[in-house]
Amino acid sequence: MSTAAPAPSHAPAYGAFLARGFLAWLLIAALETLHGIARMLWLSPLLGDELARRVAVPGGVLIVFLVAWLTVRWIGARSTARLLAVGALWLLLMVGFDIVLAQSLGFSWERILADFDPRRGGLLGFGMATMLVMPWLAA
């Protein structure tokens, strides 16, 4: 029977990839918040609020992809299941963050839900859904 320690692994311990995924999400949330502020300050006055929100979705998706691409190796989720778990974490956190932020800014539930409803011109749901697969795509 050997008492030697197991060989060190370069992958983070189980669960550590979710903690690192959370830290990467904090960066996403900060950048998306700045993106939203820029949209409200510069794009909304030019295009109107509704069109500006639709036009800004691809930029938000690009932000998420770039953060995923820059952090996916550091996060250390090596399998498809773990990459999708990180994406699910990002999706749940971002939906919650978006709702809390919108409520704190005084938006009604009707306005918040309209952003997610494509029948009412909202594309935010599509943008948010891409978060699920971004770590996997970036890997």
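This is a predicted model: local features need pLDDT of at least 70, side-chain atom pairs count only at pLDDT 80 or more; totals for chains, interfaces and linings use all residues.
Local features require pLDDT of at least 70 and side-chain atom pairs pLDDT 80 or more, whereas totals for chains, interfaces and linings use all residues. Residues are numbered from 1 along each chain as its sequence is written, and side-chain values use heavy atoms, with hydrogens and water left out.

The largest pocket has a volume of about 730 Å³. A pocket is here an open set of points on a 1 Å grid over the protein atoms alone, where a 1.4 Å probe fits, with protein on both sides within 12 Å along at least five of seven lines; the volume is the space filled by probe spheres set on the points, which are joined across faces, edges and corners. The lining (residues with an atom within 4 Å of a point) comprises 34 residues, of which Glu32, Gly36, Arg39, Asp98 and Leu124 lie nearest the pocket centre. Two or more lining residues come from each of α1 (16-47), α2 (49-75), α3 (80-104), α4 (109-116) and α5 (124-138). Helices are DSSP runs (H or I, at least four residues) numbered from the N terminus. Helix α2 gives the largest share of the lining, eight residues. By class, 18 lining residues are nonpolar, seven polar and nine charged; Ala, Val, Leu, Ile, Met, Phe, Trp, Tyr, Cys and Pro count as nonpolar, Asp, Glu, Lys and Arg as charged, and the others, Gly among them, as polar.

Leu27, Leu31, Leu34, Ile37, Leu41 and Trp42 make a nonpolar surface patch of about 610 Å². Such a patch joins nonpolar side chains (Val, Leu, Ile, Met, Phe, Trp, Tyr) within 5 Å, from residues with over 30% relative accessible area and no salt bridge; areas come from the Shrake-Rupley method with a 1.4 Å probe. Leucine 41, in helix α1, is exposed at 53% relative accessibility (buried means under 20%, exposed over 50%, partly exposed in between).

Seven salt bridges are counted, each a side-chain nitrogen of Lys or Arg within 4 Å of a carboxyl oxygen of Asp or Glu. Aspartate 115 pairs with arginine 53 at 2.0 Å between the closest N and O atoms. Aspartate 115 lies in helix α4 and arginine 53 in helix α2, so this pair ties together parts 62 residues apart in sequence. Aspartate 115 is buried at 12%, as is arginine 53 at 19%. Within helix α2, arginine 54 and glutamate 50 are four residues apart, about one turn of the helix, and their side chains meet at 2.5 Å, N to O. Aspartate 117 and arginine 119 form a further salt bridge at 3.1 Å, N to O; aspartate 117 is buried at 13%, while arginine 119 is exposed at 75%.

Methods:
Patches are made of residues with over 30% relative accessible area and no salt bridge: like charges are joined within 9 Å, nonpolar side chains (Val, Leu, Ile, Met, Phe, Trp, Tyr) within 5 Å. Buried means under 20% relative accessible area, exposed over 50%, partly exposed in between (1.4 Å probe, protein chains only).
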